[in-house]
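Please look through the sequence and the 3D structure below. The report that follows describes a number of its residues and helices one after another.

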Amino acid sequence: MKKFMKKASLLLAAVFVFMLAVGCGQSQKQTSSSSSPSSTSEQKKVIIGFSQVTLQSPFYVELMKAAENEAKAKGAQLIYVDAQENIQKQNNDVQDLITKGINVLLLNPVNPDGVAPALAAAEKANIPVVTVDRPTTAKVATFVGRDNKDMGRLAGKKAVELLGGAGQAKGVIVEIQGAAGDKVMMARRDGFHEIVDKEPGIKVIQSPYCDYTRSKAVKAFQDILQANPKIDLVYAHNDDMALGAVQVLEQNKITGVKVVGVDGLMEALVAIKAGKYDATVLNDPQYLGKLAVDTALGVLNGEKYPEFIDAGTGLVDKQNVDQYLNTSLTFAPSKK
């Protein structure tokens with residue numbers, strides 16, 4: 001009997017230990033599952049809204065592509081809209097982006113003052129704003145762009161050099177202008193005139209506003225050429241318009257006219273290499289788009305930035321064109 005009782009006690013003890021082990025295992029499994037919610041739900045993606053002034057310019061198309069690629073590389077989502085150079089549409093577009101739940105807004109304004117309703121809507125929704133390429137008059141988190149006045153100065157110095165040098169420069173310049181009321185246009189104009197207006201031998205004829213588009217520049221330059229057949233140099237606020245002037249010169253079999261543009265469009269570099277174009281000022285949209293997205297994400301993370309982040313520039317002419325020439329790209333890359 002004693003032996004039986006001893007065996008029964010040992011059996012009960014073994015069952016107890018087994019049940020205790022099973023219970024502990026289940027408890028550990030439940031604890032492990034509840035402590036890692038990330039295994040069942042993904043973190044919500046950051047959504048970047050981008051209101052672009054226009055997508056009719058190759059510069060802005062490349063800027064948008066670069067921004068999309070950088071957002072994807074950083075695990076964010078980018079939603080973009082095209083204002084089509086219409087300030088009312090841009091204000092409505094920004095409201096739509098806010099409704100879609102964006103976390104931060106990249107804004108390339110049609111007009112520095114007219115975009116005030118969009119900025120007010122973003123502020124009301126607690127959405128930070130980073131302006132790109134063109135600034136606003138109102139305060140935002142930061143402006144990512146370039147010193148367009150300095151770009152105008154670089155173009156002006158090259159124009160003076162091409163027309164005989166400082167103090168001796170002579171000739172008639174046709175200036176093909178960008179968009180009316182646009183701060184980029186005004187800065188590229190003012191920087192250029194800061195240099196060329198010092199030269200008494202230079203006369204500047206300004207075109208109507210051509211909105212940075214080649215077709216409008218072709219029409220405007222044709223009209224100017226009919227009234228002023230003796231032209232020595234063309235300066236355009238972007239390469240696309242300058243190439244429109246080149247097209248008109250070739251159609252009219254006019255040679256010897258110097259051409260200076262802005263943006264570093266690869267087509268302009270090819271023309272420089274071929275001797276049909278003289279210089280362009282760098283304005284790499286790929287780097288600008290990447291920098292804009294990185295800055296927007298930094299703003300969301302609480303990083304502080306100066307009012308203006310300069311993406312840098314430089315001059316390309318026949319002396320250094322081979323350093324930048326790469327026909328697989330649309331624009332010459334910055335040396336960053």
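In this predicted model, Gln95 counts as partly exposed because its relative accessibility is 38%, a value that falls between the limits of 20% for buried and 50% for exposed residues. Gln95 belongs to helix α3, which covers residues 87-99. From the C-alpha atom of Gln95 to that of Pro117 the distance is 9.1 Å, and the two residues are 22 positions apart in the sequence.

**The chain as a whole**

The protein chain has 336 residues, of which 49% count as buried, and its secondary structure is made up of 11 helices and 12 strands. Among the contacts in the chain with a separation of 6 or more, 74% are between residues 24 or more positions apart.

**Two buried loop residues**

Asn108 sits in the loop between β3 (104-107) and α4, and it is buried, since its relative accessible area is 0%. Leaving aside residues up to four places away in sequence, Asn108 touches Phe50, Ser51, Gln52, Val53, Tyr60, Gln90, Val132, Asp133 and Arg134.

Arg134 is also a contact of Asp182, which touches Arg134 and Tyr212 when residues up to four places away in sequence are not counted. Between the side chains of Asp182 and Arg134 there is a polar contact of 3.4 Å. Asp182 is placed in the loop that runs between β6 (171-177) and α6 (183-196), and it counts as buried because its relative accessibility is 2%.

**Helix α8 and the residue after it**

Helix α8, formed by residues 239-251, has 13 residues and spans 18 Å from its first C-alpha to its last, which is close to the 18 Å expected at 1.5 Å a residue. How much of this helix is buried? Of the 13 residues of α8, 10 are buried, and the helix is therefore largely enclosed by the rest of the structure. The buried residues are Asp239, Asp240, Met241, Ala242, Leu243, Gly244, Ala245, Val246, Val248 and Leu249. Just after α8 comes Lys253, whose phi is positive, at about 55°.

**Positive phi in two loops**

Asn126, in the loop between α4 (116-124) and β4 (129-132), has a positive phi near 60° although it is a residue other than glycine. Its relative accessible area is 69%, so Asn126 is exposed. Asp211, which is found in the loop between β7 (202-209) and α7 (214-227), also has a positive phi, near 55°, and is likewise a residue other than glycine. Asp211 is partly exposed, because its relative accessible area is 24%.

**Two pairs of packed helices**

Two packed helices are described by the angle between their axes and the distance between the axes, and the table gives these values for two pairs.

| Helix pair | Angle between axes | Distance between axes |
|---|---|---|
| α2 (58-73) and α10 (285-300) | about 45° | 7 Å |
| α5 (148-162) and α6 | roughly 40° | within 7 Å |

Are α5 and α6 parallel or oblique to each other? The angle of roughly 40° makes α5 oblique to α6, because an angle has to be under 35 degrees to count as roughly parallel. The crossing of α5 and α6 is right-handed. On the α5 side the contact involves Asn148, Lys149, Met151, Gly152, Arg153, Ala155, Gly156, Lys157, Ala159 and Val160, and on the α6 side Val184, Ala187, Arg188, Asp190, Gly191, Phe192, Glu194, Ile195 and Val196.

Helices α2 and α10, whose axes pack at an angle of about 45°, are therefore oblique to each other, and their crossing is right-handed. Where they meet, α2 contributes Phe59, Glu62, Leu63, Ala66, Ala67, Glu70 and Ala71, while α10 contributes Pro285, Gln286, Leu288, Gly289, Lys290, Val293 and Asp294.

Leu288, one of the α10 residues in this contact, can also be related to Gly312, as the C-alpha atoms of Gly312 and Leu288 are separated by 9.3 Å while the residues are 24 apart along the chain. Gly312 is found in the loop between β11 (308-310) and β12 (315-317), and with a relative accessible area of 22% it is partly exposed.

Technical notes:
Residues are numbered from 1 along each chain as its sequence is written. This is a predicted model: local features need pLDDT of at least 70, side-chain atom pairs count only at pLDDT 80 or more; totals for chains, interfaces and linings use all residues. Side-chain values use heavy atoms; hydrogens and water are left out. Helices (H or I, at least four residues) and strands (E, at least two) are DSSP runs, numbered from the N terminus. Buried means under 20% relative accessible area, exposed over 50%, partly exposed in between (1.4 Å probe, protein chains only). A polar contact is a pair of N or O atoms within 3.5 Å; within protein, one must be able to donate a hydrogen and the other to accept it, and residues adjacent in sequence count only if both atoms are side-chain atoms. Contact means heavy atoms within 4.5 Å. The expected span of a helix is 1.5 Å times one less than its number of residues. Axes are lines fitted to C-alpha atoms, for helices over the stretch in contact, and angles run from 0 to 180 degrees between N-to-C directions. Angles under 35 degrees count as roughly parallel, over 145 as roughly antiparallel, 65 to 115 as roughly perpendicular and the rest as oblique. A crossing is left-handed if the near helix is turned anticlockwise from the far one by less than a right angle, and right-handed if clockwise.
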